[in-house]
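Hi,

Here is the structure I said I would pass on to you.

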Amino acid sequence: MKNKKITVLGGAGHIGLPLSIVFANKGFDVSVLDNNLETLRLAKNGIMPFKEKDGVKNLKKALKRKLNFYSKPSNFISDSTIIITVGTPVDEFLNPDMSQIKNCIDELIPFIKKGQLIILRSTVYPGTSEWLFHYLNKKKKCHVAFCHERVIQGYTFDEIEKLPQIIAASSNSAQKKATEIFEKISKKIVYCSLKEAEFSKLFSNAFRYSQFAVANEFYMLADRAGLDFNRIRKITKEGYPRAEGLPSAGFAAGPCLLKDTMQLLSFSRNNFSIGNSSMLVNEGLVLYLIDKLEKKYDLKKKNIGLLGMAFKAECDDTRSSLSYKLKKFLISKAKNVFCTDPFVKTDNKLVKLNYLLSKSDILILCVPHKKYRNLKIKNKEIIDIWGFIKK
Ligand SMILES: NC(=O)c1ccc[n+]([C@@H]2O[C@H](COP(=O)([O-])OP(=O)(O)OC[C@H]3O[C@@H](n4cnc5c(N)ncnc54)[C@H](O)[C@@H]3O)[C@@H](O)[C@H]2O)c1
């Protein structure tokens with residue numbers, strides 16, 4: 001491969017930065033392009049802006065190689081392959097919000113040259129890759145590929161080289177170029193069409209989201225019947241391979257699962273009943289807990305402590321965390337609500353664990369961070385939907 005230049009747009013984000021580091025450490029000349037000046041500054045100085053296993057070690061190694069940082073596109077992008085990792089959220093109507101992709105493309109267009117390859121790595125609404133191809137080609141004749149990210153957030157360096165890379169492209173030469181890049185970081189490449197790849201990513205996130213919904217619905221069914229779902233799950237799974245995929249109950253949240261399920265719901269014109277029901281169940285678990293507490297206690301007299309505010313275990317990211325939904329409801333009902341998390345650094349209202357434990361009458365385990373596994377709690381109610389705390 002002659003030209004080893006890559007620009008990662010959104011390169012200081014949760015997906016973009018680890019990917020940039022992986023490519024730089026494989027000998028590519030990587031330009032990190034991101035309009036978030038603070039995360040750029042941190043990365044430039046060898047500090048990971050968010051928690052990523054082995055992130056600092058790999059970032060420091062990459063900084064000794066070819067890893068440069070930019071906040072605006074200019075001529076440096078013109079002879080590189082561009083990988084787009086900007087956010088693809090849903091809007092207030094739960095429909096796809098394409099503005100980040102469209103805005104960043106408009107900013108790139110003046111500097112793009114004919115024949116350049118643009119790779120979409122963000123998770124996108126079906127049809128976005130074809131839209132991008134036609135949109136670009138009205139102005140500049142470019143190649144487009146869709147090569148989505150599949151690592152689990154926070155564990156890129158463990159996973160990325162183990163996972164097969166799915167490549168979909170607008171032409172044979174785009175496929176060849178994308179392969180030359182990704183074969184340096186993936187052992188296996190799988191090919192398909194642009195739309196198949198877009199659906200594959202959305203299906204995998206909607207599938208996980210619905211698996212969590214099944215567990216959460218079972219939890220509420222068992223709980224209403226006065227039974228412990230986690231005991232039932234344990235005996236069901238014992239030596240029984242067909243129940244292996246049954247997850248524990250718990251808050252199913254974060255920046256991807258709900259919004260990607262909603263992208264499919266929107267695409268299907270709301271004819272995606274499992275996706276829709278999964279959203280009602282997973283979001284409804286929070287309301288179920290509040291109803292349960294209100295039936296049992298006069299909450300106005302109770303201090304409630306929330307353990308874990310990130311959206312998942314061992315993570316510092318609070319985006320779309322259901323802990324905050326729970327907090328919002330409880331604030332209007334309880335005497336006080338205290339929140340703690342060992343990893344979250346973006347919330348100055350958090351308190352220390354010991355303070356929370358001493359002040360709270362009722363504890364709710366929102367996130368199963370390892371630190372909470374051996375908590376010794378006496379004379380207080382603890383709600384542990386995960387069945388995580390050692391009894
Ligand atoms: N977080 C995950 O675990 C994960 C996993 C797989 C796929 N994805 C997908 O990857 C995409 C990115 O997710 P993320 O969690 O990394 O988001 P993020 O918000 O952490 O990162 C996006 C980055 O893009 C930057 N950006 C936005 N517009 C820009 C512009 N015009 N110019 C320059 N920079 C710009 C932002 O500053 C930010 O740093 C989404 O489509 C998401 O669904 C995420």
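**Where the ligand sits**

Domain 1 (5–192) and domain 2 (200–383) both give residues to the shell around the ligand, so the ligand lies between them. Those domain bounds come from an automatic or database domain assignment.

A bit of housekeeping before the rest. This is a predicted model, where local features need pLDDT of at least 70 and side-chain atom pairs count only at pLDDT 80 or more, while totals for chains, interfaces and linings use all residues. Residues are numbered from 1 along each chain as its sequence is written, and side-chain values use heavy atoms, with hydrogens and water left out.

**Around the ligand**

There are 24 residues around the ligand, and His14, Ile15, Asp34, Thr88 and Lys259 come nearest (a residue is near if one of its heavy atoms lies within 4 Å of the molecule). By class, the shell has six nonpolar, 12 polar and six charged residues; here Ala, Val, Leu, Ile, Met, Phe, Trp, Tyr, Cys and Pro count as nonpolar, Asp, Glu, Lys and Arg as charged, and the others, Gly among them, as polar. Helix 4 (residues 99–108) gives the largest share of the shell, three residues. (Helices are DSSP runs of H or I with at least four residues, numbered from the N terminus.)

Now zoom in on the oxygen atoms of the ligand. A polar side-chain atom of Asp34 is 2.6 Å from one, and a polar side-chain atom of Lys259 is 2.7 Å from one. For Ile15, a polar backbone atom is 2.8 Å from a ligand oxygen. On its own the ligand has 830 Å² of accessible area, and the protein covers 88% of that (Shrake-Rupley method, 1.4 Å probe).

**Between the domains**

The centres of domain 1 and domain 2, taken over C-alpha atoms, are 32 Å apart. Their contact (heavy atoms within 4.5 Å) takes 20 residues from domain 1 and 20 residues from domain 2.

Enjoy looking around!

Definitions and conventions:
Polar contact = N/O pair within 3.5 Å; in protein donor to acceptor, adjacent residues only side chain to side chain. Helix = DSSP H or I, 4+ residues; strand = E, 2+ residues; numbered from the N terminus.
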